[in-house]
Amino acid sequence: MDWGTLVATASGAVIAIAGAVLADHLRGQRDDDRGRLQRRRDAYLAFIVAVGVCHTRLRQIAQGGAGSGDPDAASRAVLAEVGIYDARERLFIDATATVAGAGQAMFERLRALRRVVATGAGPSSAAFHDAYHPYLDAVWRYRAAVRAELEIAELSPLVFGWDNWDGSDRCPRCRPAASGA
């Protein structure tokens, strides 16, 4: 019996098995990474959609279209009904620290807008106006953080023909102040 042939055959088998195990492990890792990325995308999208629905409903309350005599109760109910708290928790679980921070900042601006609506302030009031621009800026900063995280080309306000993200360049209330200064 030739020991060299036996050793070469056994070594080849070990190398082949190790290669197959390594390839399977790498394939599993790649699938896990894809699943994690998809969960992040889903959480990012679910959160911005929930925030957008809250914003729309808060504007309806501010315009007096909510059908409720108590804007505080109606505005509080909106956040719960839309599921913003659940979406926020999913975001905190799956998001990177940068996106979670941008999401929390946007959530805080939404809550500030809700507090203004709760007082009965309408969309044309100074209080609503002062809360709206920071909220809008936070929305765009969240979008920018998500795009950077997902390695999607960066957007700038100029792409839309705007000067800034907060909307003040398109705001009828802010434009006269800017041109008079």
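Reply: Happy to. A131 has its place in helix α5, and this is a predicted model. Is A131 buried or exposed? With a relative accessibility of 11%, A131 counts as buried, because the cut-off for buried is under 20%.

Setting aside neighbours within four places in sequence, A131 is in contact with A112, L113 and V116.

Helix α4 covers residues 97-118, and α2 packs against α4 at an angle of about 155 degrees, their axes being 8 Å apart. That angle makes α2 roughly antiparallel to α4, because angles over 145 degrees count that way. On the α2 side, the residues that meet α4 are P71, D72, S75, R76 and L79. Their partners in α4 are R111, R114, V117 and A118. Sorted by class, this contact of α2 with α4 has four nonpolar, one polar and four charged residues.

S75 deserves a stop of its own. S75 sits in α2, which spans residues 71-82. At 0% relative accessibility, S75 counts as buried. Leaving out residues up to four places away in sequence, S75 touches R114, V117 and A118, and also L58 and I61.

Back to α5, this time for the largest pocket. Helix α5 runs over residues 126-149 and gives the largest share of the lining of that pocket, five residues. The lining has 13 residues, and those nearest the pocket centre are P123, H129, Y132, C171 and P172. By class, six lining residues are nonpolar, four are polar and three are charged. The volume of the largest pocket is about 220 Å³.

Finally, a step back to the whole protein chain. The chain has six helices and zero strands. Buried residues, A131 and S75 among them, make up 34% of the 181 residues. Of the contacts between residues at least 6 apart in sequence, 71% join residues at least 24 apart.

Definitions and conventions. Residues are numbered from 1 along each chain as its sequence is written. This is a predicted model: local features need pLDDT of at least 70, side-chain atom pairs count only at pLDDT 80 or more; totals for chains, interfaces and linings use all residues. Side-chain values use heavy atoms; hydrogens and water are left out. Helices (H or I, at least four residues) and strands (E, at least two) are DSSP runs, numbered from the N terminus. Buried means under 20% relative accessible area, exposed over 50%, partly exposed in between (1.4 Å probe, protein chains only). Contact means heavy atoms within 4.5 Å. On a 1 Å grid over the protein atoms alone, a cavity is a set of points where a 1.4 Å probe fits but cannot get out, and a pocket is an open set with protein on both sides within 12 Å along at least five of seven lines; lining residues have an atom within 4 Å of a point. Grid points are joined across faces, edges and corners, and a volume is the space filled by probe spheres set on the points. Ala, Val, Leu, Ile, Met, Phe, Trp, Tyr, Cys and Pro count as nonpolar, Asp, Glu, Lys and Arg as charged, and the others, Gly among them, as polar. Axes are lines fitted to C-alpha atoms, for helices over the stretch in contact, and angles run from 0 to 180 degrees between N-to-C directions. Angles under 35 degrees count as roughly parallel, over 145 as roughly antiparallel, 65 to 115 as roughly perpendicular and the rest as oblique.
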